[in-house]
Amino acid sequence: MAILETIVVAFWAMLPAYVPNNAAVLAGGGRPIDGGRTWGDRRVLGDGKTWRGTAMGIVAGVALAAVLTVIEPTVSDALGFDVPRFEPLAALGLAGGAMLGDILASFLKRRSGRQRGAMFPGLDQLDFVVVSLPLTALLATDWFLAWFTLEVVLVVVVLTPILHVTTNVIAYKLGLKNEPW
Ligand code: CTP
Ligand code: MG
């Protein structure tokens with residue numbers, strides 16, 4: 001694959017994992033997943049992880065995967081190379097894995113004494129990749145192996161933190177997010 005093609009495929013394949021976090025920021029609120037429970041003197045997850053945000057994040061990611069699958073032939077045709085169509089289980093693995101990774105990151109943040117909204121460099125930028133890729137590999141193995149070649153995975157690991165920082169700074173400046181990370 002040419003480098004530009006690899007970047008486009010990586011970005012397209014990861015879109016259903018990228019969107020849930022942003023959708024959760026927009027739709028979040030209401031009852032926290034941990035129900036306010038603490039472990040020791042700290043919250044298990046904190047008020048930043050809610051049922052509504054998580055559900056809407058997964059719905060947004062899966063819905064986007066469906067839209068991308070519908071427009072795939074047109075886009076592939078225009079580009080001159082193929083971008084992926086999403087099997088239902090691949091879409092679920094990417095979107096669900098992204099939300100699960102974000103929740104696990106909050107768990108680790110609370111255990112390490114970080115308050116809600118505290119920065120955790122590295123984890124903040126890659127938490128959803130670390131869970132969404134293995135979960136997708138598990139749920140849709142053939143699809144995953146066909147699209148997530150070593151080059152694509154490398155591009156994802158480099159591209160994701162850049163996109164994450166950029167979108168969060170924009171969301172912060174727009175007043176949608178409390179912190180720019
Ligand atoms: N959000 C949500 N449910 C999720 C993820 C996010 O409702 N599963 C919403 C919350 O309103 C949250 C906001 O999106 O405050 C920003 O998400 P994030 O930065 O992940 O949460 P933080 O508030 O920073 O909390 P944490 O320190 O636990 O990451
Ligand atoms: Mg945060």
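## Ligand 1 and its contacts

In this predicted model, the side chain of K109 places an N or O atom 2.8 Å from an oxygen atom of ligand 1. Alone, ligand 1 would expose 570 Å². The protein buries 89% of that area.

Two further side chains make polar approaches. K49 has a polar side-chain atom 2.6 Å from an oxygen atom of ligand 1. T54 has one 2.9 Å from a nitrogen atom of ligand 1. In total, 18 residues surround ligand 1. The closest are K49, T50, S106, R116 and G117.

## Aromatic pairs

The count of aromatic pairs is 6. Take Y18 and F128: their ring centres lie 6.1 Å apart, with the planes at 80 degrees. Planes over 60 degrees apart count as edge-to-face, so Y18 and F128 form an edge-to-face pair.

Where do the two residues sit along the chain? Y18 belongs to helix α1, residues 3-27, and F128 to helix α4, residues 123-139. The pair therefore ties together parts that are 110 residues apart in sequence. Are Y18 and F128 buried or exposed? Both are buried.

## An aromatic cluster

Four aromatic residues group together. F86, W143, F144 and F148 form one cluster.

## Charges over rings

Two arginines sit over phenylalanine rings. R114 holds its charged end over the ring of F120, 3.8 Å from the centre. R111 lies over the face of F107, at 5.1 Å from the ring centre.

Note on methods. Residues numbered from 1 in each chain as written. Chains lettered and ligands numbered in written order. Predicted model: local features only at pLDDT ≥ 70, side-chain atom pairs only at ≥ 80, totals over all residues. Heavy atoms only, no water. Phe/Tyr/Trp six-rings, centres within 6.5 Å; stacked < 30°, edge-to-face > 60°. Helix = DSSP H or I, 4+ residues; strand = E, 2+ residues; numbered from the N terminus. Buried < 20%, exposed > 50% of the residue type's maximum accessible area, 1.4 Å probe, protein only. Lys NZ or Arg CZ within 6 Å of the ring centre and 35° of its normal. Near = heavy atom within 4 Å. Polar contact = N/O pair within 3.5 Å; in protein donor to acceptor, adjacent residues only side chain to side chain. Areas by Shrake-Rupley, 256 points an atom, 1.4 Å probe, with all protein chains shown as cover.
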